[in-house]
Structures are given as C-alpha cells and as structure tokens.
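Please take me through this structure stop by stop. I have it open in a viewer and would like to know what to select next and what is there.

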Amino acid sequence: MRFTDPIFLLLLPLLIAGIVWSSRRLLGISQGRKRFVVLLRCLIAALLTLALAGWQTIRQNQDMCVVFLLDKSDSVPEESRKRAEKFISESLKNLPDDAQAAVIGFGRNPVIDLSPTHTRTLPPLYSDPNRQGTDLSSAIRLASALFPDGYSKRILLLSDGNETEGDSLQSASVAATDRIEIDTIPLASVAPEREVIVSEINTPNEVKIGEPFDLRVVIEASKPASGLLRVDQDGVPVKQVSVDLTTGKNVVLIPVQTSKAGFYRYRVVLEAQPDTDPRNNIGRGFVAVRGKPRALLAEGQPDPSRALERALQSREMEVVKANPSTFPSRPDELQNYDVILFHDFPAFGLSAEQMKAVQSATRDTGIGFAMIGGEQSFLPGGYFETPIAEMLPVDLEVRQRKVYPAATVIVVIDISGSMAMQEGGVQKVHLAGQAAIQTLKMLRPMDRFGVIVSGTGCDWLSPVQPAANKERAISQISKIFAGGGGIYVRPSLEFAQRAFLAENTRVKHLIVLADGDDADDQEGCFQLAQSLLAQGVTMSVVSLGQGKDVPFLKQLARSGQGNFYLTDRARDLPKMFTADVSLMTRSAIEEGAFVPKIASNDDVLKGIDWNSAPPLLAYDLTSDRPMARTLLRTHKEDPLLAVWQYGLGTSIAFTSDAKPKWAQRWMGWSDFNTFWAQLTRSALRKAGRLNYQLLTRREGGQAVVDLQAFDAEGNPINFLQPDLQISSPTGQGFALTLQQSAPGRYQGRFDIAEFGDYLLTMKEKQPDGSVRVTTTGFSMAYPPEYRFTRANANLLKRISEMTGGKFEPAASEIFRPISRPNTSASDLWRVCLLSALVLFLLETTVRRVALPLGQAFALLGSVLKRIGRSGREPSTQPSAGVSAQLLQAKSRARSAQATDSPVNPAPSLSRKEPAEPTLLESPEPTEAAPKPTVTPGSATQRLLEKKRRREG
C-alpha cells in the first residue's frame with residue numbers, strides 16, 4: 001500500500017475534529033442516531049482523504065517483457081546486424097509462456113519493428129531509421145515507454161556503443177530508477193583493422209592579405225598507411241601533400257596564403273591506402289581575410305549605365321555583381337561580402353534556401369542588406385510573405401489608397417496528371433494552389449478574385465468573388481487536386497472570357513498556368529487573347545517546365561500584352577503570381593515625378609545638398625513598419641528610404657531605383673555617388689576590434705566552443721559574458737552564452753543536429769550601443785557516424801552495471817528471472833469515492849428519516865422465530881399450561897383494578913393500560929371514566945390540579 005500524495009492525509013484529523021465539533025448542532029434525533037451519523041461522517045471524510053492522497057495497492061509483477069534494441073546505423077556492418085538478428089531469433093525460442101517480447105531498430109531515430117507480443121519466431125524487420133547517426137538515449141527512452149503494464153522489464157541493447165548524439169548514461173540512470181534491467185551485447189564496427197579518418201581541421205579565424213598561415217589537419221589511422229592530401233580553396237585546388245601515417249593520431253601542417261580579401265572555405269581530401277571507407281576522408285575549415293569592404297550587387301536585368309556599381313567603387317568598395325544564375329548557393333559563400341544589395345532583383349531568381357541563407361547572413365552574422373526598388377523589386381518582384389520580406393524595414397502589406405481602381409484577377413490552373421508529381425514532398429498542384437492563395441492575400445478588399453481549374457474540362461474551383469471573402473476563397477482553393485488529361489487552352493480562355501463579361505472593374509487580368517509540354521487545343525487562342533484585350537483583359541502565362549509548347553505559350557502572353565514566365569520549380573509559382581499581379585495591375589507602383597522629403601535626420605543624409613536633389617519618376621508602394629526609422633518620404637508620405645537593425649545586421653529599403661529609368665534625373669546629380677556610398681557603408685558589417693580566437697571541436701554529439709580573449713598586449717580579458725550567434729546548416733539561428741573557464745578563456749557547448757557548415761559569430765557591444773562582429777566557421781564534413789572504427793564496449797558495460805543487467809549474456813539467459821521485479825500499483829480512489837457516495841446516502845437517510853429501529857428489530861426477531869417454527873404443526877387448542885397462565889394474568893389484572901378504584905368498581909378507561917393484556921376477554925366500555933388518583937405531592941398531581949383550575 002502507498003499514497004501518491006500523502007500530504008493530504010494531514011487533513012484527516014482536522015476533518016474528524018470538525019465533524020465531532022459540529023455534531024452538537026444535530027438536534028431532533030435520538031442520541032443513538034446521532035452517534036451513528038457522526039460515525040458515518042467520519043468514514044466519509046476518511047474515504048475522501050484517502051482518495052485525495054492517491055491510495056494505491058502494490059503487487060509484485062510475475063510476468064516479464066523484454067525489448068530488443070538493434071543498432072542499424074552505418075557504423076555497424078551488415079554482417080554484425082545479421083548476427084544480431086540471429087541472436088534475437090535464438091533468444092525468442094526460450095520465451096516463457098507468460099512473457100512478451102518487442103523489437104526496436106534504431107540509428108539516429110528509433111523505429112518499432114515488433115510491438116510487445118508473445119511470439120517465439122522473429123518476423124522480418126523492415127524498419128529503416130536514419131542510419132547517419134546513433135542515438136542510444138532515444139532508443140532506451142522509447143523502449144522504456146513501450147513496456148505493457150503489469151510486467152517486469154528488461155532491455156537487450158545490441159550496438160557498437162558509438163553514440164553520436166544524446167546521453168545514453170542519463171537515460172540508463174532513469175531506467176534504473178524504474179527497475180529496468182539493460183543487458184548489452186557489443187557489435188563489431190566497420191573494418192577496424194584498416195581505416196583512415198580525417199578527424200579534425202583547424203584554421204585561424206582571421207588573417208591579413210598575403211599573410212601565410214597553417215592548416216592543421218588531424219588524421220587517425222588504425223594501421224600504418226600512406227597517401228596524398230589535396231587542398232582546395234572554394235573548390236579551386238591550391239596544394240597537395242604526400243603523407244605517411246602511423247597508427248593512431250597524426251598531425252599534418254599545410255602552409256597556405258591568399259592575396260585577396262574574403263571569407264574562404266578550405267577543404268582537404270585524403271587519398272590513402274589501405275582504407276575502407278572514403279566518406280570520412282574529408283575535412284573543412286574557414287578563414288576570414290580582411291581587406292577593402294566588399295559588396296554583392298544582385299540585379300535582375302543588368303544596368304547598362306553601371307551607375308550604382310561605379311558610385312560604390314569610387315568610394316573604395318569592391319563590388320561583385322550577381323544575377324539569378326550566379327547568386328551564391330551556399331551560406332558560407334555570402335561571408336565573402338560585407339553587404340548584399342538587391343537592385344531590381346526578382347524573388348523568383350532565388351530558391352527558398354538562398355532566401356533563408358541571405359536572411360541568416362544578416363540576422364546571425366551581421367552582413368548588411370539593402371533592397372533598391374524597380375519593377376522587379378518589393379511587391380512587383382514577388383517578395384510578398386517571403387523570408388526577405390521579413391527582413392525589410394518596410395511592410396509589403398500595402399495599405400493602398402482608394403484612388404486606385406478595383407481589379408478583377410482570374411487564375412487558370414492546370415490540374416492534369418503531371419501536376420500530381422511531387423516537388424519537395426508536395427504535389428505541384430498544391431504548390432499552384434498556394435500561389436493562388438498568396439495572390440489573393442495581397443489583393444485589396446475591393447478587388448475581385450477567382451480560380452478556374454482545367455484538366456479533362458473547365459470549371460470553377462473558386463468562383464469570382466470579392467477579395468474581402470478571403471477565408472471562404474482560401475477554403476475553396478485548398479481543395480484543389482490533380483486529375484487527368486492536359487490543360488485545354490482554348491476552352492479555358494473561353495470560360496474565362498464569359499466570366500470577365502460579368503465584371504465591371506476597370507482593371508482585369510488573367511493568369512494562365514500551363515504545362516510547357518502538355519498544352520492542348522491551341523487553335524484560335526491568339527484571336528481569343530486579342531478579343532480579351534479588346535475587353536480590357538490583359539493575360540500573363542506561366543509555363544511549368546520546358547517543353548514543345550513553350551513557344552506557343554510565349555506568343556500567347558505577347559498576344560495578351562502580359563508577361564511570360566518559365567520555371568522548372570513549382571515552388572517559385574507564388575513569387576511569380578504575386579509579382580505579375582502587382583506589376584500588371586500597377587497596384588504596387590506609384591508613377592509620377594516627386595522630390596524626396598527628409599523625414600528624420602541621420603548621418604547617412606549628412607553632407608548632401610538635398611535642396612538640389614532632382615525628382616525621381618516612380619517608386620514601389622510600401623507601408624511603414626513599427627520600430628523602423630523612415631529617413632526619406634515621397635510627396636504622398638509613403639516610405640522612400642527606411643532602415644532598421646535586423647538581428648546583428650542593418651537592413652535598408654530604398655523604394656525607387658538607382659538606374660536610368662526612375663532615377664534618370666539623379667544620374668547627373670553631384671551628390672549621387674556620395675549618397676549611395678554613405679548609404680551602403682552604413683550597412684557594412686562591422687568587424688571586431690579585440691583579439692578574439694574561436695576554436696571549435698567535436699565531442700560526441702556536441703560541438704565545444706573555446707574562446708580566447710586577449711587585448712593587443714596579450715593580457716587576458718576577464719569577466720566577459722560572450723554571446724555567440726550560431727547559424728546551422730539549415731539556416732536556423734540560435735544563441736549561445738559562453739562561461740569563463742580560465743583567465744581569458746571561455747567555453748560553451750551546443751548539440752550538432754545536422755552535418756554541414758556552421759557559422760559562429762561573436763558579438764562585441766560598443767559603448768554607443770552598436771555591435772561589432774567576428775565570424776568564423778565550423779564544419780562537419782561528413783556524418784559523425786563515419787568517424788568510428790571500433791566498438792565502445794566501455795560505455796555498454798557502464799550501462800549494464802548502472803541498471804543491474806548483464807554484459808554479453810547468452811541467448812538462454814535473456815529471459816532469466818528479474819533480480820528486482822517491478823511492482824504494479826492499482827488506484828483505489830474510485831472505490832473510495834463510490835463507498836463515500838453510498839455512505840453519504842445512508843447518512844442522509846438516517847439523519848432525515850426517523851426509522852422505528854426497535855420495532856424493526858422486534859419484527860425481525862418474530863420473523864426469525866416463525867421461520868424456526870415453520871417445520872412444526874400448529875396446535876388448534878391451547879395447552880393447559882397456557883390456559884392456566886392466562887387465567888392467573890386475568891386475576892392479577894382484576895385485583896389491580898379493585899385496588900386502584902375503591903369508590904367506583906366499574907372498569908377504568910384511564911390512559912393507563914393494564915400491565916399485561918388478556919386474550920380471553922377485553923374490558924367493556926363505560927359511560928364515564930373516573931379521574932385517576934395520584935399520590936399527593938407528585939408531579940402528576942400538580943399538573944392535574946393546574947388542569948382542573950383551567951377547566952373550572
């Protein structure tokens with residue numbers, strides 16, 4: 001017996017004392033009933049207290065369940081796994097009749113192969129966990145949760161013990177407290193006798209241009225080997241070194257240098273013999289070489305005047321130009337630059353991963369970012385609800401003025417069979433539906449929107465309705481699914497034309513999404529496009545994929561005086577749709593000459609003669625964003641130049657352009673170069689000033705960061721609280737605070753969840769509130785699963801010892817009796833509550849209803865007597881003894897009456913009944929009953945006297 005919350009037992013004496021004290025208020029019932037009610041109340045209070053305290057009964061489990069944990073990670077060879085499965089099969093043959101068994105396969109994650117059941121035959125094991133890691137901890141936790149109730153518990157762990165993440169000892173400690181025994185059997189690792197591994201590469205964080213430095217490469221060899229170590233810088237070979245390796249760790253120093261500024265990734269690849277697994281022969285390190293500030297200028301269409309590029313170069317900045325095909329694809333490549341400029345650069349020129357990389361570069365490493373307007377920037381560029389939009393100091397959710405006419409937008413979506421193909425785990429047709437939803441979200445409430453689907457036929461997916469009905473329309477669009485056939489272009493255009501005839505808006509636009517290789521029924525489409533144009537309907541066409549019908553679709557867009565888009569990625573459709581609608585409806589571009597107005601004083605605007613500033617001809621519409629500073633505004637008070645701090649970096653938005661279209665009059669302005677140079681320099685990443693050295697190494701599934709902080713004279717800097725911003729290979733950022741471990745030395749740890757490149761940025765706060773940063777890199781060039789060459793038997797032994805299990809048990813011992821059997825607890829609170837309810841009803845009945853308990857007991861006695869006499873024959877005549885007794889009783893009654901009534905011999909009718917009733921005769925009634933005589937001075941006499949006085 002035990003209690004889950006024994007503290008509630010302290011209430012019992014207080015409750016009983018209260019019940020006894022309150023019993024004084026029980027009035028109107030006999031003393032015996034009162035005691036009985038108090039007893040019932042005390043029992044009810046006791047039962048309720050036991051229920052609150054969690055009363056349980058404990059019994060020892062007699063049955064057993066064993067969960068087998070099979071390591072399926074890449075560090076365990078196939079031969080070892082097969083031997084482990086054979087061992088499990090042999091163990092199951094010894095399964096007792098009252099026992100159960102389960103099987104879990106695990107690598108980086110655990111997967112259940114066999115739930116607890118009684119079976120003596122091992123079924124096929126089909127689980128396929130992530131094999132690029134080993135998480136013993138999660139496997140033990142899942143096994144602990146899998147045991148059925150009422151069974152003693154044992155885990156058999158078959159693994160090489162080389163965990164890459166998690167803490168198996170901690171999970172084993174928790175299992176030991178639950179009386180779970182863990183037996184362990186070590187499995188052989190991959191080829192321990194002939195393996196070479198590049199385990200570590202160390203580089204300095206930062207060097208000067210032309211300064212030589214060493215790449216320190218640590219190589220582990222299981223036996224003597226020789227080979228060639230190749231080194232490349234950002235993919236360009238720079239050096240190769242012959243190496244002779246001894247058994248154990250080998251350290252190789254490779255001197256290199258660079259003559260240009262940038263953030264360089266050095267990769268080493270080892271070709272050695274003998275070697276078994278070449279996947280672990282790679283290492284990467286990062287070095288920052290500081291020089292002139294570098295700017296990455298990304299443009300959709302190249303500016304023939306190169307005005308912005310020349311303005312930056314005139315102020316000692318190095319400019320590297322990029323377009324959608326040459327924009328950096330890796331996060332570490334962005335570290336070569338101090339600022340990134342998007343100048344009239346479309347969103348569909350970037351993948352989702354590239355957008356996240358730019359966002360992380362600014363937020364986590366302090367690289368500046370600026371978006372400069374144009375017809376392919378901001379909303380017209382398709383940036384609505386993208387990671388880039390989150391960075392901007394302006395809001396793309398434009399609160400547009402009502403002077404813009406309402407627009408009707410209809411989207412025709414191909415739902416042919418090819419749209420059922422998946423891209424990134426999502427069907428293309430669903431990505432098209434998301435594009436339609438994104439387009440709907442950016443429209444104004446006064447606009448109208450509809451979606452037509454075209455496959456084997458044409459029909460409405462969402463009929464044309466006000467954009468204010470967003471929730472209803474989104475619900476309709478979300479039901480889109482792929483059908484069959486192909487898109488029938490002419491019927492789709494005819495269907496849309498009939499819909500536009502009923503619309504009265506001034507602006508009408510049609511978007512047609514078609515498969516570039518499956519656009520059927522093309523005859524008469526160009527005439528239909530011209531007919532639509534005569535109705536005021538413009539038409540843009542999006543081709544999904546290259547194909548034979550792409551030329552037709554291009555000509556169809558030209559006939560409709562719209563835009564043509566070609567993409568192989570369905571995930572780009574939302575950016576294309578929103579960009580096209582913004583551009584074609586002109587709802588996101590304000591045209592007309594205006595002179596910028598200063599809204600806030602800032603160092604960026606100083607030294608410039610704004611009175612002589614020529615007008616700009618147009619700008620992209622945006623809205624103010626809270627917490628951002630708007631420095632320049634347009635003639636209609638819309639943001640023109642806004643800036644804010646985004647994470648560690650500065651983000652800038654300039655809604656007009658910087659090329660001879662909207663800014664053609666600015667080209668000859670004397671302060672043109674000054675303005676753009678000052679604006680760009682204000683966003684540059686600010687390098688750290690103190691002498692920090694960040695060293696990162698791996699320990700199991702964690703990265704250990706060591707920071708060495710010294711001033712220019714080599715003295716340690718103490719009592720810091722260094723904050724690191726870490727960007728993971730997936731683009732997710734998180735913070736890490738280091739703790740001081742020695743003079744000038746600080747340390748911290750973080751889990752390595754993904755293999756790839758990690759960027760670590762040290763933040764250095766300045767007295768003026770600004771932040772300077774020092775960025776370095778740390779790389780896991782291959783999954784840590786490939787680093788091991790031998791089984792970690794010591795870890796497996798510790799797990800067994802901690803839990804009372806066996807190390808390397810025989811198959812016949814797996815189902816041996818548990819040394820510390822588990823116990824099962826049964827809750828009794830339901831029984832207590834039910835009993836308390838029954839007693840409460842009984843207490844209420846006894847207290848409120850006056851039961852003749854004496855008569856009830858007498859009746860019960862008589863019934864029992866009659867049951868006892870039921871076997872005897874009843875007598876018809878009374879016996880002589882009984883008659884004599886009755887006569888004597890009668891005689892005594894008459895003698896008593898004569899004594900009590902000496903004056904009137906008639907029988908008395910007073911309230912006093914005879915002592916014993918007679919069965920032979922009954923008293924006869926009389927006309928008047930004499931008043932009873934009483935003893936003088938008695939209480940009865942005094943009461944009778946008072947009564948006579950009242951009556952007389």
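The tour below starts with the whole chain and then moves from sheets to single residues and open spaces.

**The whole chain**

Begin with everything shown. This is a predicted model. The protein chain has 20 helices and 46 strands. Of its 952 residues, 49% are buried. Among the contacts with a separation of 6 or more, 74% join residues 24 or more positions apart.

**A sheet of five strands**

Select β9, β15, β14, β11 and β12. In that order they make up an open sheet of five strands, with mixed pairing. At the edges are β9 (206-208) and β12 (236-245), each of which pairs on one side only. On average, and with direction ignored, neighbouring strands of this sheet are turned by 30 degrees against each other.

To find one place where they face each other, select R230, which stands opposite V269 in β14. Strands of a sheet pair through backbone hydrogen bonds, either parallel or antiparallel.

**A sheet of four strands**

Go next to β41, β40, β44 and β45. They form, in that order, an open sheet of four strands with antiparallel pairing. The edge strands here are β41 (733-737) and β45, and each pairs on one side only. Neighbouring strands of this sheet are turned by 25 degrees against each other on average, with direction ignored.

Within the sheet, select β40 (residues 723-727) and β44 (residues 756-765). Four bridges pair them in the antiparallel sense. Show I726 and look across to its bridge partner in β44, L760.

**Strand β43 and its partners**

Select β43, residues 745-751. Which strand does β39 pair with? Strand β39 (residues 702-710) runs antiparallel to β43, and seven bridges join the two. Strand β42 (residues 739-742) also pairs with β43 in the antiparallel sense, over three bridges.

Colour R745 next. This residue of β43 is the bridge partner of Q708, and R745 is also the bridge partner of A742.

Then look at the turn between β42 and β43. The two strands form a hairpin with two residues between them. G744 lies in this turn and has a positive phi of about 75 degrees.

Show the side chains of β43. In a regular strand the side chains alternate between the two faces of the sheet. The covered face of β43 has Y746, G748 and F750, while R745, Q747, R749 and D751 are on the uncovered one.

Select S462, in strand β25 (residues 458-466). Is S462 buried or exposed? S462 counts as buried because its relative accessible area is 0%, and the cut-off for buried is under 20%. Leaving aside neighbours within four places in sequence, the residues in contact with S462 are G450, V451, A473, Q476 and I477. For a distance to display, take the C-alpha atoms of S462 and R472: the two residues are 10 apart along the chain, and these atoms are separated by 8.9 Å.

Move on to S800, which is in helix α16 (residues 793-803). With a relative accessibility of 2%, S800 is also buried. Not counting residues up to four places away in sequence, S800 touches I182, D183 and T184, and also G805, K806 and F807.

**The second largest pocket**

Centre the view on S199, E200, I201, R698 and R787. Of the 38 residues lining the second largest pocket, these are the closest to its centre. The pocket holds about 700 Å³ of space.

Several strands give two or more residues to this lining, among them β10 (213-221), β13 (248-256), β38 (691-699) and β45 (771-780). Which element gives the most? That is β8, with six residues. By class, the lining of this pocket has 15 nonpolar, 13 polar and 10 charged residues.

**The largest cavity**

Three cavities of 30 Å³ or more are found in the whole structure. The largest cavity has about 80 Å³ of space. To see its lining, select R108, Q132, T164, E165, I752, A753, E754, F755, M780, P783 and P784. Six of the lining residues are nonpolar, two are polar and three are charged.

Note on methods:
Residues are numbered from 1 along each chain as its sequence is written. This is a predicted model: local features need pLDDT of at least 70, side-chain atom pairs count only at pLDDT 80 or more; totals for chains, interfaces and linings use all residues. Side-chain values use heavy atoms; hydrogens and water are left out. On a 1 Å grid over the protein atoms alone, a cavity is a set of points where a 1.4 Å probe fits but cannot get out, and a pocket is an open set with protein on both sides within 12 Å along at least five of seven lines; lining residues have an atom within 4 Å of a point. Grid points are joined across faces, edges and corners, and a volume is the space filled by probe spheres set on the points. Ala, Val, Leu, Ile, Met, Phe, Trp, Tyr, Cys and Pro count as nonpolar, Asp, Glu, Lys and Arg as charged, and the others, Gly among them, as polar. Buried means under 20% relative accessible area, exposed over 50%, partly exposed in between (1.4 Å probe, protein chains only). Contact means heavy atoms within 4.5 Å. Two strands pair if DSSP finds at least two bridges between them. Axes are lines fitted to C-alpha atoms, for helices over the stretch in contact, and angles run from 0 to 180 degrees between N-to-C directions.
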